[in-house]
Amino acid sequence: MFKSRGPACQSCGMPLSKDPRGGGTNADGSRSSEYCSHCYHQGAFTEPGITVAEMTTLVEGKLRSMHFPGFLARRFAKEVPTLRRWKSQASRTGAQREQTSEAPTR
Ligand SMILES: [Zn+2]
């Protein structure tokens, strides 16, 4: 399905082959082999403060806007936390914050 061979962006999961620019750019202007041009520009993330939960929502919304069926968009978005950018942040929890704010309603 959406999984294609070749490297995918380690921030949003988009295959770099689908990136019109072929990938983000490093600080020295060279091409990044890890991140796409939407996420990474001149050695910095375009949205440095985004949480993994926000990125997951973003990716799902983006796929839906590309006319992916909802269940496929969700399945693909679920892979986002496994990408390298987010793995190193596993201890910094945006997800936990959401869970605690849900608690008082029960
Ligand atoms: Zn990306």
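Modeller: What follows starts with the overall layout and then turns to the helix pair. Keep in mind that the model is predicted.

The protein has four helices and two strands. Along the sequence they run β-β-α-α-α-α. Of the 106 residues, 25% count as buried. Take the contacts between residues at least 6 apart in sequence: 42% of these join residues at least 24 apart.

Now the pair. Two packed helices are described by the angle between their axes and the distance between the axes. Here, helix α1 spans residues 52–65 and helix α2 spans residues 70–77. Their axes come within 9 Å and cross at roughly 145°. The crossing of α1 past α2 is right-handed. On the α1 side, Thr-56, Val-59, Glu-60, Leu-63 and Arg-64 make the contact.

Look at α2 on its own. Ala-73, Phe-76 and Ala-77 are buried there. They sit on the same side of α2, because they cover an arc of only 100° around the axis. An α-helix has 3.6 residues a turn, so residues three or four places apart point the same way. The cover over the buried residues of α2 includes α1.

Setting aside neighbours within four places in sequence, Val-59 is in contact with Cys-12, Gly-13, Phe-76, Ala-77 and Val-80. Val-59 also belongs to the largest nonpolar core, which has 17 residues. Cys-9, Cys-12, Cys-36, Cys-39, Val-59 and Val-80 have the most contacts inside that core. The elements giving two or more residues to this core are α1 and α2. The largest share, four residues, comes from α1.

Gln-10 lies in the segment before β1 (40–41). Why does Gln-10 count as buried? Because 20 other C-beta atoms lie within 10 Å, and the cut-off for a buried residue is 20 or more. Beyond neighbours within four places in sequence, Gln-10 is in contact with Glu-34, Tyr-35, Leu-83, Arg-84 and Arg-85. Gln-10 and Arg-85 are 75 residues apart along the chain, yet 5.8 Å separates their C-alpha atoms.

Notes: Residues are numbered from 1 along each chain as its sequence is written. This is a predicted model: local features need pLDDT of at least 70, side-chain atom pairs count only at pLDDT 80 or more; totals for chains, interfaces and linings use all residues. Axes are lines fitted to C-alpha atoms, for helices over the stretch in contact, and angles run from 0 to 180 degrees between N-to-C directions. A crossing is left-handed if the near helix is turned anticlockwise from the far one by less than a right angle, and right-handed if clockwise. Two residues are in contact if their C-beta atoms, placed from the backbone, lie within 7 Å. A nonpolar core is a set of buried Ala, Val, Leu, Ile, Met, Phe, Trp, Tyr and Cys residues joined through C-beta atoms within 7 Å. A residue is buried if 20 or more other C-beta atoms lie within 10 Å of its own, exposed if 12 or fewer, and partly exposed in between; C-beta atoms are placed from the backbone. The arc is that of the directions from the helix axis to the C-beta atoms.
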